[in-house]
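Here is a short briefing to read alongside the model. Keep the viewer open as you go through the points.

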Amino acid sequence: MLVLLLPLTFIPVLGYAIAATRAAELDPSQGPPQWRLSARLIYDGSWTTLAIAITVAPFAIAWNPIAGALPVSDPVIAHAIALFIVALPWGLLVLLLLPHATAAYASTGHFHDLFDVGASLRGVRRDFAVWNTAAAAMVTAWVVGIACVGLLCVGLVPGIFYAILVSAHAAAALHRQGSPAPAR
């Protein structure tokens, strides 16, 4: 139900994604955690929302000027093209920074782990094969999740939930051995 109301429930859904990552770090053989609205869910979701907003801000700011610079007379088409132009570099930035940051934050519970760009880049360099596999799983999950709308006639809600859980499990795979115990 929360995914269905995603514009209103964005923060708790992202908090649940952190909880799912934390649960997968603790025991990947277990299923996703139970849904319970809590202060921790709101706290985790708020920090994760801020991290996403910071990554999207430069691309959102560039979107309109790029659309205006395109030699296309229809503004709707120009904005659609500009969206595709900014979406690729934004997606690459998110895949480069957020999986390791999410895994670290889920493990420690320290919000600054979400914003430690250096640690994320070092993590990609250190665990490139694992990161590459996790990123491929995340991208595939989101493609399948979105494709659930038309291709599978299942709907966007289960598709997004599936993508969130796969992304959480993939991010948990980046959890380093010997890191601090997961936050509760």
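Predicted model: local features only at pLDDT ≥ 70, side-chain atom pairs only at ≥ 80, totals over all residues.

Residues are numbered from 1 along each chain as its sequence is written, and side-chain values use heavy atoms, leaving out hydrogens and water.

**The whole chain**
- You will find six helices and zero strands here (DSSP runs numbered from the N terminus: H or I of at least four residues for helices, E of at least two for strands).
- Of the chain's 184 residues, 36% are buried, meaning under 20% relative accessible area with a 1.4 Å probe, protein chains only.
- Among contacts (heavy atoms within 4.5 Å) with a separation of 6 or more, 68% join residues 24 or more positions apart.
- The chain exposes about 10,400 Å², with 73% supplied by carbon and sulfur atoms (Shrake-Rupley method, 1.4 Å probe).

**Helix 4**
- Helix 4 spans residues 117–126, and its buried residues are Ser120, Gly123 and Val124.
- These three lie on the same side of helix 4, because they cover an arc of only 100 degrees around the axis (taken from the directions from the helix axis to the C-beta atoms).
- Their cover includes helix 3 (75–108) and helix 5.

**Helix 5**
- Helix 5 has 20 residues, 128–147, and reaches 28 Å from its first C-alpha to its last, close to the 28 Å expected (1.5 Å times one less than the number of residues).
- Its buried residues are Trp131, Ala134, Ala135, Met138, Ala141, Gly145 and Ala147.

Definitions and conventions: Buried < 20%, exposed > 50% of the residue type's maximum accessible area, 1.4 Å probe, protein only.
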